Amino acid sequence: FFNKRTTQHKSTMDIDRPSVEERNQRYKPGSIKRVKLKNFLTYDDVEFFPGPRLNVVVGPNGTGKSTILCAICLGLGGQPPLLGRADDARLFIKHEKDQATIEIELAPHKSDGPIHILKRVIERDRGSENGNGKGASIYYVNGTKTPLKSIKELVTEKYHINIDNLCTFLPQDKVGNFSGFDKQALLLETEKSLSSSLYETHQQLIKLEKELQSSGNDVKATEEELKTLKKQNERLEREKELMEERQELLERIDLLKKKRAWLLFDQKREEAKEAKEKREELKKQKREAERSVRPIQEEHAEMEGKVTQIQTTTKALEVKGKREKKNHEDCLSKMENHSDGIEREVSEYQSVDAQQRRALKELEKERRRLQDVEAEADHFPSMEDTERTITEAQKELRQLRSALDSSKRSSQDLNRQIESAAEDSRRASERLGKMKDEKQHRLQRLFAKNESVKTAYMFIHENRKEFRKPVHGPIA
C-alpha cells in the first residue's frame, strides 16, 4: 500500500508492524521505496512510500491513479510516447506552474549498498517550442546532474527495469497494444522482462535451428559447390598473378618517382645556385645604383626644401595680398565716402552760387534803383530824405557784399575739399595699379615654374561666371 507522509492511518486493532530494518530487507533490488511529486499534473506536493510487496492504488476516476504510473515511467528515464498520452513532457506540468519535479528512491542490491535517488525536473521554458520537449528535462542521481543515457544504463543494466517492455510496465493507454500480441511475441516480451540472458539464449537457439535446417547433406550439391570453388580458385590465381605483376610495376613506378624527385632536386639546386648568384649580382647592382642615385636624392631633398621655402613665401605673400586687398577695399570705401561728401559739397556750392547770382541780381537791381534815384534826384523834395535812402541802400549793399564774400569763402573751402578727395582717389588708384602690377609679376613667376598652374588660372579666369559659387585662386 502507498503511505502518505501527510496522512496517518489509525486502526482500532493492534497490528504487528515490522521494524524499518526488517521492512528495508524485504525490498528486492530495484524496488521503488519512495515517490515524491511536485506540481505534476493533479498533484501539488505529495510523497508516497510503496510497500515491498504488492501495492494497489484505489480511488475514483480523475483522482490521479494513472498520474502515479506516469510519474514512475518518466522518473525512471522513460519518455512520454511510452505512456500513449502525450509526446511532450512539458504537458505533465501542473496548470499555471513553471516546473514539475519527480523523485524516485530505489532499493539497493545489498542492505548496506548505495541507495540511488533518481530525480527529474521538467521546466516549461526549456527546450524547443515546436519539439517534443526532450530538452525540457534535467536529470539528477543522488543530487548530481546526470545525462539521460547514464540514467537509462543505471535503470536497465544495474536494476534490470525495462520501462519499454509491456510485460514489465503496462500503461492504461497501451492495453490495446498488449492484447494484440500473439503467443510468440508474448513469449519474447516475457523473456525480456525476466532476464536478458534468457532472451539472448532463445535467439541463439532460433538462429542455430535455422542454420541446421538450411544445411544440406546432398553430395552432388557439395561437388557442384567444390567445382565452383575450384573455378573461382583458378580465376583468383590468375588475378593473383596479375596483382603481383601490378605490384611489381607499382614498386618500379615508385622507384622511378623517387629517382625523378632526386633529379628534380638536383635541377632545382642548380637553379637555386644560379638564382643565388644572380641575386648577389643584383644586390651589387642595387648598391651601385644607390650610390649613383644618392646625389639625385640629395638634390631632390634640396629641391623639396626650396619648394617648402617657396610655399612659405607664397603663404606670406598670400597673407600680404589679403592685407593689401583689405586696405584697397578700405581705400575704395573711403573714396566712396569722399565722393558722397564731394557731391554734398558741390550741391552746397551750387546752392551758394545760386544765392550769389541772386545777390548779384539784387545788386544790379539796386544799382538801377540808385541810377533812377540819382536821375530823379531833382524831383525829391529834400536832401535829407535822399541821403537817408542812399544810406539805407549802401547799408543793404554792404550786407549783400558780406554775404557774397561768405559764399566765396565757402566755395573756396569746397574746392579745397574736392581737390583733397581727388588727390586721395588718385593715390588709391596708383596703389591699386601697383598692386595689380605686383600681382601680375608674381603670377608670371608662378606660371614660369609650373605651366599647369597657368592653364588652371586661365580656365578659372575665363569661365568664372560659369561656376555656381565664387572660385578663388591660385593666389599669387
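Trainee: Is Arg-34 buried or exposed?

Mentor: Buried, because its relative accessibility is 9%, and the cut-off for buried is under 20%. Keep in mind that this is a predicted model.

Trainee: OK, and which residue does Arg-34 form a salt bridge with, and how far apart are the closest N and O atoms?

Mentor: Glu-47 is a partner, with the closest N and O atoms 2.9 Å apart. Arg-34 sits in strand E1 and Glu-47 in strand E2, so the pair ties together parts that are 13 residues apart in sequence.

Trainee: What about the cover on Glu-47, buried or exposed?

Mentor: Glu-47 counts as buried because its relative accessible area is 8%.

Trainee: Where does Glu-103 come in?

Mentor: Glu-103 also forms a salt bridge with Arg-34, and there the closest N and O atoms are 2.7 Å apart. Glu-103 belongs to strand E3 and Arg-34 to strand E1, so this pair ties together parts that are 69 residues apart in sequence. Both Glu-103 and Arg-34 are buried.

Trainee: How many salt bridges does the count come to?

Mentor: Nine. Another of them joins Lys-258 and Asp-254, with the closest N and O atoms 3.5 Å apart.

Trainee: Why are Lys-258 and Asp-254 separated by about one helical turn?

Mentor: Because they are four residues apart in helix H7, which covers residues 219-375. Lys-258 is partly exposed, at 49% relative accessible area, and Asp-254 is partly exposed too, at 38%.

Trainee: And which residues do salt bridges with shared partners join into one network?

Mentor: That network takes in Arg-34, Glu-47, Glu-103 and Glu-105.

Trainee: Switching to the nonpolar side. How many residues are in the largest nonpolar core?

Mentor: It has 33 residues, and Leu-37, Phe-40, Leu-76 and Leu-118 are the ones with the most contacts inside it. The elements giving two or more residues to this core are strands E1 (32-40), E2 (43-48), E3, E4 (116-123) and E5 (137-141), plus helices H2 (65-75) and H3 (148-158).

Trainee: Which element gives the largest share of this core?

Mentor: H2, with six residues. The general background is that nonpolar side chains tend to be buried together in soluble globular proteins.

Trainee: What does Phe-40 touch, skipping residues up to four places away in sequence?

Mentor: Phe-40 touches Thr-67, Cys-70, Ala-71, Leu-74, Phe-92, Lys-94, Ala-100 and Ile-102.

Trainee: Back to H2, then. How many of its residues are buried?

Mentor: Eight of its 11, so it's mostly covered. Among the buried ones are Ile-68, Ile-72 and Cys-73. The cover over the buried residues of H2 includes E1, E2, E3 and E4. After H2 you come to Gly-77, which has a positive phi, near 95°.

Trainee: Where is Asp-87 found?

Mentor: In the loop between H2 and E3. Asp-87 counts as exposed, with a relative accessibility of 55%.

Trainee: Zooming out, how many helices and strands does the protein have?

Mentor: Nine helices and six strands. Buried residues make up 20% of its 476 residues. Of the contacts between residues at least 6 apart in sequence, 59% join residues at least 24 apart. The accessible surface comes to about 36700 Å², and 51% of that belongs to carbon and sulfur atoms.

Trainee: What's the average pLDDT?

Mentor: The average is 77, and 81% of the residues score at least 70.

Terms used:
Residues are numbered from 1 along each chain as its sequence is written. This is a predicted model: local features need pLDDT of at least 70, side-chain atom pairs count only at pLDDT 80 or more; totals for chains, interfaces and linings use all residues. Side-chain values use heavy atoms; hydrogens and water are left out. pLDDT is the predictor's confidence in each residue, from 0 to 100. A nonpolar core is a set of buried Ala, Val, Leu, Ile, Met, Phe, Trp, Tyr and Cys residues joined through side-chain atoms within 4.5 Å. Buried means under 20% relative accessible area, exposed over 50%, partly exposed in between (1.4 Å probe, protein chains only). Contact means heavy atoms within 4.5 Å. A salt bridge is a side-chain nitrogen of Lys or Arg within 4 Å of a carboxyl oxygen of Asp or Glu. Accessible areas come from the Shrake-Rupley method with a 1.4 Å probe; for residues, only the protein chains shown count as cover.
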